[in-house]
Structures are given as structure tokens and as C-alpha cells.
Amino acid sequence: MIQRHDNNRGGNFFVNSPNFVGKEPPSVEDLKRDVANGNTKYISVLQYFSASKIRGSDAFWRGKSEELKTWIDYHVAEKHGPPTMFVTFSCAENWWPDLMRLLCQMERKCGNEEQAKAIESNDATAIAKSAKRYPLLVNQFFMKRANLFMTTFAKKALGIKYYWAR
């Protein structure tokens, strides 16, 4: 429910908006005719600009891709060289004892004692249910662990000087 409201706030329509790109927005008839003729440019523009702030949307990932390309271009221009290592981290929320403890605490604070006990007994369904119920907690836990890994092990043991994280 919260994500839907965030998505609605993050989107924007560009007709009758100062954000509209171009002189005058096309009419509905113009759009129908363009789409029927295979011209989906306006729809693509709407999708990109209206959804670019919605985490996980195609437009969001296109934006992140552009951000990464800019980061690479900057470091190459600064003579740091091109990236030499790419790492993808996976949350693997069912395998972190510390996260299980935090999910149990959240469930207990919300009065869900049975759910907390199920997590403590490593019930995969209960863990998944709680992870979906508290995605912000799971994300914050994961990002903290990933950042800690990069700032300690990766920088010290692997000698990484510059890194980009999304």
C-alpha cells in the first residue's frame, strides 16, 4: 500500500505541466493516430519521465545505467582507468542470522508472536512473509552490510579505490 502511494507521488504527467517537453502537448486523437502508425515516441517519453523515480521500473534502471556510464566516463577522463571488477550482491534474506533476529523483533513489537516463533524455527515461508512485510528493514540491513563490505574488505584486501553502488 505504501509503495503504491510512493509510486503515485513519484510519477508525473507532462500534459499541462511545466515539465512538458515540446511546444504543445499532442491531443488524444494525435496520440491514437501516432500509436496506430507505430510511433510510440511520446509514450516512451511519458514512461521514462513519469516512472524514473519509481524504484524497479524500466525508467529507473535506465537512469541508473546512465548514471553508471557517467561515473565510468568521469573516472576514465580522470586517468583512473576503466572499471576492472563488477560485483553483484544478493540479499539472500533467508541466510542472515542477524536479519532473522531483527525480523523477530519487528514481529514481536507488532504483536505477532507466532510469526516470530516461526522465524526462529527457520520456517522459510514465515521468513519470506516477514521480509515482504518489512522490506525497508531488509533493504537497510542489506545495504549496510554491502557498504561495510565495500569500505572494509574490498578497499583494504582488494585495493579498490573507487566504486559505484546503486
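Figure 1. Of the 166 residues of the chain, 22% count as buried. The model shown is predicted. Its accessible surface comes to about 12400 Å², and carbon and sulfur atoms hold 56% of that area. The chain has eight helices and zero strands. Read along the sequence, the pattern is α-α-α-α-α-α-α-α. Among contacts with a separation of 6 or more, 49% join residues 24 or more positions apart.

**Figure 2. The largest nonpolar core.** This core has 16 residues. Leu 99, Met 100, Leu 103, Ile 119 and Val 138 have the most contacts inside it. In soluble globular proteins, nonpolar side chains tend to be buried together.

**Figure 3. Close-up of Met 100.** Met 100 is among the core residues with the most contacts inside the core. Residues up to four places away in sequence are left out of this view's contact list. Beyond them, Met 100 touches Glu 93, Asn 94, Ile 119 and Ile 127. One of these partners, Ile 119, is also among the core residues with the most contacts there.

**Figure 4. The buried side of helix H6.** Gln 115, Ala 116, Ala 118 and Ile 119 are buried in H6. These residues lie on the same side of H6, because they cover an arc of only 160 degrees around the axis. The cover over the buried residues of H6 includes H5 and H7. Just after H6 comes Asn 122, with a positive phi of about 60 degrees.

**Figure 5. His 75 in helix H4.** His 75 has its place in helix H4. Its relative accessible area is 8%, so His 75 counts as buried; the cut-off for buried is under 20%. Not counting residues up to four places away in sequence, His 75 touches His 80, Gly 81 and Tyr 162.

**Figure 6. A nonpolar patch on the surface.** Six residues are shown here: Met 85, Val 87, Phe 89, Phe 149, Phe 153 and Leu 158. Together they form a nonpolar surface patch with about 520 Å² of accessible area. Met 85 belongs to the loop between helix H4 (58-77) and helix H5 (97-109). Met 85 counts as partly exposed because its relative accessibility is 42%, and partly exposed covers the range between under 20% (buried) and over 50% (exposed).

Notes: Residues are numbered from 1 along each chain as its sequence is written. This is a predicted model: local features need pLDDT of at least 70, side-chain atom pairs count only at pLDDT 80 or more; totals for chains, interfaces and linings use all residues. Side-chain values use heavy atoms; hydrogens and water are left out. Patches are made of residues with over 30% relative accessible area and no salt bridge: like charges are joined within 9 Å, nonpolar side chains (Val, Leu, Ile, Met, Phe, Trp, Tyr) within 5 Å. Accessible areas come from the Shrake-Rupley method with a 1.4 Å probe; for residues, only the protein chains shown count as cover. A salt bridge is a side-chain nitrogen of Lys or Arg within 4 Å of a carboxyl oxygen of Asp or Glu. Helices (H or I, at least four residues) and strands (E, at least two) are DSSP runs, numbered from the N terminus. Buried means under 20% relative accessible area, exposed over 50%, partly exposed in between (1.4 Å probe, protein chains only). A nonpolar core is a set of buried Ala, Val, Leu, Ile, Met, Phe, Trp, Tyr and Cys residues joined through side-chain atoms within 4.5 Å. Contact means heavy atoms within 4.5 Å. The arc is that of the directions from the helix axis to the C-beta atoms.
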